[in-house]
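This report describes selected features of one model. The sequence and structure come first, and the notes follow.

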Amino acid sequence: MKAFYCLIFIIIGGFSYAQHKKFDIGHTYPVKEVIEDINYTEKYLLKFHPDPYRYISHDSLHAFIEGIKRNITEPLTEMQVRFYIKQIVAKIGCSHSGVDPSKAYSKTVKKLGRPVLPLNTYLLSDGRMIVINNLSNDSGIVVGDEIINIDGHPLDSVIRKIFSVITSDGYNETAKSVVSRYDNFKRYYSFCYGYNPYYTLTLKANSGNIYTCRVKSISTLKDTLILPKKDSVQFLESTKTCRYSVIENPQPIALIDIDAFSGRHWNRFFRRSFKDIRQKHIHNVVIDLRNNGGGKIRSGLKFLSYVINKPVKIPFDRKPNLIAFNPRMKMGVGRLIPIVFTFFAPNTFSNGRLRHYPFGFPKHKNAFKGNIYVLVNGRSFSMSAISSTYLKYKVNATIIGEETGGNIAGTNAIITGKLLLPHTHIGVFIPVYHVYHDIDVINDGHGLMPDYKTIYSKQDILQGIDQDIRKVKELVK
C-alpha cells in the first residue's frame with residue numbers, strides 16, 4: 001500500500017511539474033525539423049485550400065518556398081519559423097488564411113509580454129509614417145514627427161518586409177496598410193526584426209529637422225492607444241456591433257455604422273433603424289463598413305434585404321471531398337457544417353464543385369429606396385466587401401474611401417480549419433469554401449475601387465477629421 005501511495009505521489013508531482021514548466025521562447029528547432037514543417041505547410045495548404053492558385057502559379061509558389069529553404073542554414077526559434085510560414089501563406093492571396101503561434105508560445109507571451117517599439121504610428125497614403133502616440137520616456141519625440149528609419153532600416157524596406165507577412169485578397173495592399181496602422185505597426189516591426197530592449201530611430205520633426213534617438217522598449221502588456229477625440233454622437237439604435245444615428249444637414253443623412261456582421265439583436269436593430277428612416281422621410285443613407293472584417297452571411301443577407309429590392313444570393317462552393325473530415329484539419333463541430341449545407345441548402349454541381357446558394361429576400365415594408373453612400377477602406381473584407389460590392393452593382397450606391405481589402409469578385413471563407421505543424425505546433429488557418437459575388441465583374445486581383453477616393457493628410461489624422469463623411473456631406477449638398 002505504501003508503494004502504491006508513493007507511485008501516486010510521483011505521478012501527481014510529475015504532472016504538476018509538466019503543467020508549470022515554462023515554454024522557452026528562445027528554444028530553437030533543428031534545420032531538419034524547420035524544413036519538415038515548411039514542407040508540411042506547402043503540401044497541406046495546397047491540398048486543403050479551396051483556391052490556392054488564383055493569384056500565383058504552382059511553379060512560382062514552389063520556387064519561392066525552395067528559396068526560403070535554401071536560406072535556412074541554422075536552427076530557428078518558433079518566431080523565426082513563423083515569419084517564413086507567414087510569408088508562404090501570404091503568397092496565395094487569401095485574407096481568410098493565416099498563421100498563429102503555438103498554444104505554448106501564446107500562453108507564455110500573454111503572461112510575460114514581449115519588448116516592442118514604444119510608438120503608435122500611422123502610414124499615410126504617400127508612404128510617410130507619422131507618430132500618433134509616443135509611449136517612450138523620450139519627450140523629444142513629438143506627435144506628428146515622421147519616421148525615416150529604425151535601427152538603420154529605411155522605412156520603405158521595413159514596410160515591404162511587414163507587408164510580406166500580412167495576408168490579403170489577391171494583390172491588394174490597402175488591407176496591409178490598414179492592418180499595420182496604429183498599435184499594430186510596432187508589433188509587426190518587432191516580429192520581423194526582433195524583440196529588442198532598445199530601438200534606434202531617425203525621425204523628421206515638424207520643423208523639418210532630422211534627429212536620431214535611442215528609446216527603451218515597452219512591454220506588450222503595457223500597450224496603450226490614444227486617438228483624437230471625436231464629436232459625441234446620439235445613437236438612435238445601437239447594438240454591440242451596429243449604431244444608427246442621423247447627421248444634421250440641410251438634408252438629414254442617416255448613418256448606419258456596422259463594425260461586424262454578427263451580434264445579438266441584429267434583426268431588431270435593422271428593422272427599427274430602417275423604420276425610423278422611413279418615418280422621417282430621410283432620402284440619404286450612409287453605410288459605414290470601414291474596418292469591418294466581415295461576419296455571417298445570413299446577417300449580411302438580412303441587412304441587404306432592406307436596401308436591395310430583389311432576391312440576393314451569395315454562392316459558395318468547394319470540391320466534393322472529405323477534406324473537412326481529415327484529422328489533420330482541426331475544426332471541432334465545424335466539421336458538421338458541410339453536411340448541413342449539402343442536405344439543407346439549395347445546391348448544384350458546377351465545374352466539378354458542389355455549389356450552395358443562400359438567399360435573402362427583400363423587406364418591402366421598410367425598404368430604403370433613396371441614395372446610398374458606402375464608406376470602405378482596406379479593412380473592409382469578407383462580408384463587408386460582399387455588401388459594398390453588391391450595393392455598388394445592384395443599387396448603384398456611391399462608394400467613398402479606399403479600395404476594399406476584400407476582392408471585388410469573391411473570396412474564401414464560410415468555415416475555417418487549422419493545420420498544426422508537426423514540430424513547432426504553429427497553426428495554419430485554411431478556409432474550406434470559395435465565395436463568388438453574384439455580379440458581372442472581372443477579377444483583376446483587387447478590391448472594389450471607390451467612386452471617390454479620399455486622401456488623409458497628416459493633420460486630418462492628428463485632428464481626427466473624417467474626410468469620408470465630409471465627402472458625403474459635399475455630395476448630398
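## Strands and the sheet

Ile256 has Ile287, in β15, as its bridge partner. Strand β14 (residues 253-258) and strand β15 (residues 284-288) run parallel and are joined by 4 bridges. Strands here are DSSP runs of E with at least two residues, and helices are runs of H or I with at least four, both numbered from the N terminus. Two strands pair if DSSP finds at least two bridges between them.

This is a predicted model, in which local features need pLDDT of at least 70 and side-chain atom pairs count only at pLDDT 80 or more, while totals for chains, interfaces and linings use all residues. Residues are numbered from 1 along each chain as its sequence is written, and side-chain values use heavy atoms, with hydrogens and water left out.

β14 and β15 belong to an open sheet of 7 strands with mixed pairing, in the order β12-β13-β14-β15-β22-β23-β26. At the edges stand β12 (237-238) and β26 (452-453); each has a single partner strand, so one side of each lacks a neighbour in the sheet.

Helix α9 (residues 266-279) lies across β12, β13 (242-247), β14 and β15, and runs at about 10° to β13. Contact means heavy atoms within 4.5 Å. Axes are lines fitted to C-alpha atoms, for helices over the stretch in contact, with angles from 0 to 180 degrees between N-to-C directions.

Helix α10 (residues 297-304) is mostly covered, with 6 of its 8 residues buried. Among the buried residues are Ile297, Leu301 and Phe303. Buried means under 20% relative accessible area, exposed over 50%, and partly exposed in between (1.4 Å probe, protein chains only).

## Aromatic rings

Rings of Phe, Tyr and Trp (its six-membered ring) pair if their centres lie within 6.5 Å; planes under 30 degrees apart count as stacked, over 60 as edge-to-face and the rest as tilted. The count by this rule is 21 aromatic pairs. Tyr55 and Tyr171 form an edge-to-face pair, 5.5 Å centre to centre with 75° between the planes. The two residues are 116 residues apart, Tyr55 in the loop between α2 (31-48) and α3 (58-70) and Tyr171 in the loop between α6 (155-163) and α7 (174-179). Tyr55 is buried at 14% relative accessible area, whereas Tyr171 is partly exposed at 45%.

Phe316 and Tyr433 have ring centres 5.2 Å apart and planes at 90°, so this pair is edge-to-face. Both Phe316 and Tyr433 are buried. Ring pairs also link Phe261, Trp266, Phe269, Phe270, Phe274, Phe303 and Tyr306 into a cluster.
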